[in-house]
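Please open the structure in a viewer and keep the selection tool at hand.

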Amino acid sequence: MKISLFITCYNDTLFPETGKAVVHVLERLGHSVEFRAEQTCCGQMHLNTGYRKEALPLMQRFLEVFDDAEVICSPSSSCVAMIREHYSILAEETGDPTLRDKVRNLLPRVFEFTELLVDRLGVTDTGAFYPHKVTYHPSCHSMRTLGLGDKPIRLLKEVRGLRYIELPGADECCGFGGTFSIKNPDVSAAMLADKMQAVAATGAEVCAACDNSCLMHIYGGLHRQRQPVRVAHLAEILASEERR
Amino acid sequence: MSVRVGAAAESPSFPMAAKAAMEDVQLRQNVRHATGVIRAKRALLVEEKADWQQLRTAASRIKEHTMRYLDRYLVQFEQSCVRAGGKVHWAEDADEANRIITGIIQSHGETEVIKVKTMTSDETQLNTALEAAGITPYETDLADLIVQLGSDHPSHIVVPALHKNRMQIRQIFLDKMHLETLGREPKDLAEAARRYLREKFLRVRVGISGANFAIAENGSVCIVESEGNARMCLTLPKVLISLIGIEKVIPRFRDLEVFLQILARSATGERMSPYSSIWSGVSANDGPSEFHVVLLDNGRTKVLADEAARQTLHCIRCGACLNICPVYRQTGGHAYGSIYSGPIGAILTPQLQSMRHSETLPFASSLCGACYEICPVKINIPEVLVHLRAKVVEQGDSPIVEQLAMRAAAFALAGPRRLAAAQGFARIAQKPFLSEGVLKNLPGMLSGWSSVRDLMTVPEQSFREWWRDRK
């Protein structure tokens with residue numbers, strides 16, 4: 001199976017290690033991976049902030065770029081949620097039946113990284129080794145929109161050397177919310193403080209998630225407070241083969 | 001027409017009000033404790049309902065259907081209510097509703113009213129209008145009484161005094177009921193309220209209520225409550241006036257079967273509300289001899305006309321979205337500047353005012369989706385929030401700096417070469433803010449972020465560059 005990666009604009013720019021990890025895991029599992037360089041962004045930031053007009057061409061670009069891709073995989077729950085939740089509505093608004101059909105044809109081919117592994121490829125053991133104490137923050141989009149359920153945790157539990165520690169109050173938002181954290185910085189910071197307290201209470205060395213946006217937020221707070229906890233996208237843990 | 005949602009039009013922006021609210025440590029502690037208790041009770045009672053999701057779907061469908069044919073159901077309600085001996089008045093806006101109600105009270109020569117379970121009257125600022133006409137309103141729902149005696153504002157849809165703890169309430173009672181002594185136990189406070197209210201129940205001859213449901217097929221009105229004070233208010237006065245938002249109509253009596261199962265569980269974590277009062281018109285020698293219904297629009301038909309946001313009117317005011325909302329739990333209800341707080345308030349308040357006020361409210365959410373998940377009538381609040389954000393932007397009411405940033409981002413994301421150029425630019429632009437390997441003290445819009453958070457740097461190589469060089 002040829003897997004086409006949608007790395008997403010912020011992973012491309014800020015978290016290249018996550019993209020590399022996805023490539024590594026999928027190739028290790030024997031799949032062939034491609035990255036279509038024409039891709040940019042799904043349009044989530046614009047749509048969620050109210051800039052619908054600006055979001056539309058980004059959706060159109062996405063549809064063109066991945067028009068003939070067999071399977072599309074993205075290591076970002078919120079971007080996949082954007083595609084699944086909003087593309088149909090955006091297409092409907094244009095009144096263009098071709099666009100609507102393109103979206104309808106696209107949606108079954110788009111997978112979040114852990115969905116691809118567990119649901120489509122039937123893999124929970126990725127052959128990783130990661131001798132650390134890890135807690136997992138289920139991001140809101142991964143949990144509520146995509147309904148990833150325990151898939152990420154099943155993947156983590158198969159990692160050799162890894163000790164999984166459950167995060168208390170896991171289903172509470174970390175307070176990022178994209179431009180919410182800029183437009184409402186104080187409320188966002190208060191939400192983050194609760195999340196950091198929960199992460200610290202686990203005693204984990206690493207906090208993992210399926211969204212680097214949330215991790216960027218959680219890391220930002222932890223680093224400012226000089227807390228020793230690191231953050232890592234789930235893909236980076238699954239790609240790890242580190243030896244002691 | 002003057003649509004009004006309390007004092008929402010004059011309230012400060014959400015970020016400013018939230019910042020102020022969060023400085024009140026006692027308030028945050030009270031809100032967190034109270035919402036936590038209700039959430040836990042609700043979760044247990046929802047879990048025992050095997051058909052919870054089916055109930056949600058049924059409730060959502062009944063509401064959807066009702067909104068589609070609201071014109072017909074309203075007229076049917078009017079006819080049924082009149083047949084049962086009630087009088088129906090139609091109010092286009094807050095002022096008209098207040099005028100009608102004041103007129104009814106004055107026509108009886110009365111100067112006092114007892115009120116219960118009517119958030120809608122806060123929306124129209126009825127108490128202010130009554131006082132201006134020389135009429136004294138007494139709130140009789142315990143929490144509303146606490147709010148009124150404390151010259152305060154409600155902070156929660158179901159638990160208006162949720163931001164006050166027992167000791168604070170005790171102090172209000174001591175001061176305002178002119179008591180010399182008062183115990184500290186809940187039963188002591190309840191007893192003080194009972195004595196204070198009982199005298200009014202027996203003396204005052206006009207009652208004003210809201211409604212949870214107005215039933216089209218038989219003209220019945222339904223109110224659910226915990227205390228029995230509504231029952232007193234609905235049965236003891238000579239004249240009863242119910243102020244009802246037009247979205248409260250449901251088609252049939254049997255639809256209550258669905259709503260009464262979900263409402264109490266969602267609102268207070270009870271299987272049923274202790275008191276469910278349902279009455280139709282007037283009955284000879286039993287209860288009020290005169291019954292008026294004031295059907296209020298006040299911006300609701302505008303909401304109805306917007307298909308993408310119409311579901312806002314499905315709300316049954318259970319408050320579950322407030323209790324689960326991570327934003328509400330930090331700020332409490334006052335920051336929303338409206339009687340309608342929390343996620344539902346963030347979509348309802350600005351819409352009622354035709355998006356001309358309260359434009360920061362649709363942005364007062366991280367779009368975490370907990371509200372949608374918990375809503376017993378399945379209102380997709382995040383979807384409506386995003387829809388309303390687009391309206392704010394379309395109106396040109398978003399900050400100029402944000403508009404520029406969003407256009408610049410759209411330009412940079414329009415193709416891979418531009419994106420690569422922007423990535424290169426970011427690597428250079430970040431240099432002045434670099435400190436200890438992260439970015440600190442960011443300028444302008446980003447300063448709020450960097451006041452308590454560090455930002456990761458833009459690494460030297462993007463993924464696309466790595467991929468290109470890898471081959």
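Begin by selecting A:Arg224, A:Arg226, B:Glu436, B:Lys440 and B:Asp454, which are linked in a network of salt bridges. The model is a predicted one.

Remain for a moment with B:Glu436. This residue is placed in the loop between strand S11 (434–435) and S12 of chain B. Its backbone also deserves attention: phi of B:Glu436 is near 50°, a positive value in a residue other than glycine. Most residues other than glycine have a negative phi.

**The interface of the two chains**

Next, colour chain A and chain B separately and view the region where they meet. How many residues of chain B are in contact with chain A? The contact involves 67 residues of chain B and 64 residues of chain A. The size of an interface is often given as the accessible area lost when the parts come together. Here chain B and chain A bury about 5600 Å² between them, and 61% of that area is on carbon and sulfur atoms. Select B:Met406, B:Met456 and B:Phe463: these residues supply 14% of the area that chain B buries against chain A, more than any other three residues.

Polar features also cross this boundary. Ten salt bridges are counted between chain B and chain A, and 32 residue pairs are in polar contact, with both residues at pLDDT 80 or more. Over all chains, the structure holds 46 salt bridges.

For one bridge between the chains, select B:Glu402 and A:Lys183, whose side chains meet in a salt bridge at 2.2 Å, N to O. The pair runs from helix H19 (residues 400–412) of chain B, which holds B:Glu402, to helix H10 (residues 180–183) of chain A, which holds A:Lys183. Is B:Glu402 buried or exposed? It counts as buried, because its relative accessibility is 4%.

Now select A:Arg61, in helix H4 (residues 52–65) of chain A. At 18% relative accessibility, A:Arg61 counts as buried. Leaving aside neighbours within four places in sequence, A:Arg61 is in contact with A:Glu38 and A:Thr40, and also with B:Leu413, B:Ala414, B:Gly415 and B:Pro416.

**Stops within chain A**

Move to helix H6 (residues 97–106) of chain A, where A:Asp101 and A:Arg104 lie three residues apart, about one turn of the helix. The two residues form a salt bridge, with the closest N and O atoms 3.7 Å apart. A:Asp101 is partly exposed, with a relative accessible area of 41%, whereas A:Arg104 is exposed, with 55%.

Then select A:Glu115 in helix H7 (residues 113–120) of chain A. This residue counts as buried, at 6% relative accessibility. What lies 2.8 Å from a polar atom of its side chain? The backbone nitrogen of A:Glu112 is found there. Not counting residues up to four places away in sequence, A:Glu115 touches A:Arg84, A:Val110, A:Arg120, A:Leu146, A:Leu148 and A:Lys151.

**Stops within chain B**

In chain B, select B:Asp95 and B:Arg4, whose side chains meet in a salt bridge at 2.9 Å, N to O. B:Asp95 belongs to helix H5 (residues 94–107) and B:Arg4 to the segment before helix H1 (14–22), so the pair ties together parts that are 91 residues apart in sequence. Both ends are partly exposed: B:Asp95 has 30% relative accessibility, and B:Arg4 has 22%.

Continue to B:Leu367, in the loop between helix H16 (342–352) and helix H17 (370–374) of chain B. B:Leu367 has a positive phi of about 60° although it is not a glycine. The residue is buried, with a relative accessible area of 9%.

Finish on the surface by selecting B:Val401, B:Met445 and B:Leu446, which form a nonpolar patch with about 240 Å² of accessible area together. At 34% relative accessibility, B:Leu446 counts as partly exposed.

Notes: Residues numbered from 1 in each chain as written. Chains lettered and ligands numbered in written order. Predicted model: local features only at pLDDT ≥ 70, side-chain atom pairs only at ≥ 80, totals over all residues. Heavy atoms only, no water. Patch = residues over 30% accessible without salt bridge, like charges linked within 9 Å, V, L, I, M, F, W, Y side chains within 5 Å. Areas by Shrake-Rupley, 256 points an atom, 1.4 Å probe, with all protein chains shown as cover. Salt bridge = Lys/Arg side-chain N within 4 Å of Asp/Glu carboxyl O. Buried < 20%, exposed > 50% of the residue type's maximum accessible area, 1.4 Å probe, protein only. Contact = heavy atoms within 4.5 Å. Buried area = accessible area lost by both parts, 1.4 Å probe. Polar contact = N/O pair within 3.5 Å; in protein donor to acceptor, adjacent residues only side chain to side chain. Helix = DSSP H or I, 4+ residues; strand = E, 2+ residues; numbered from the N terminus.
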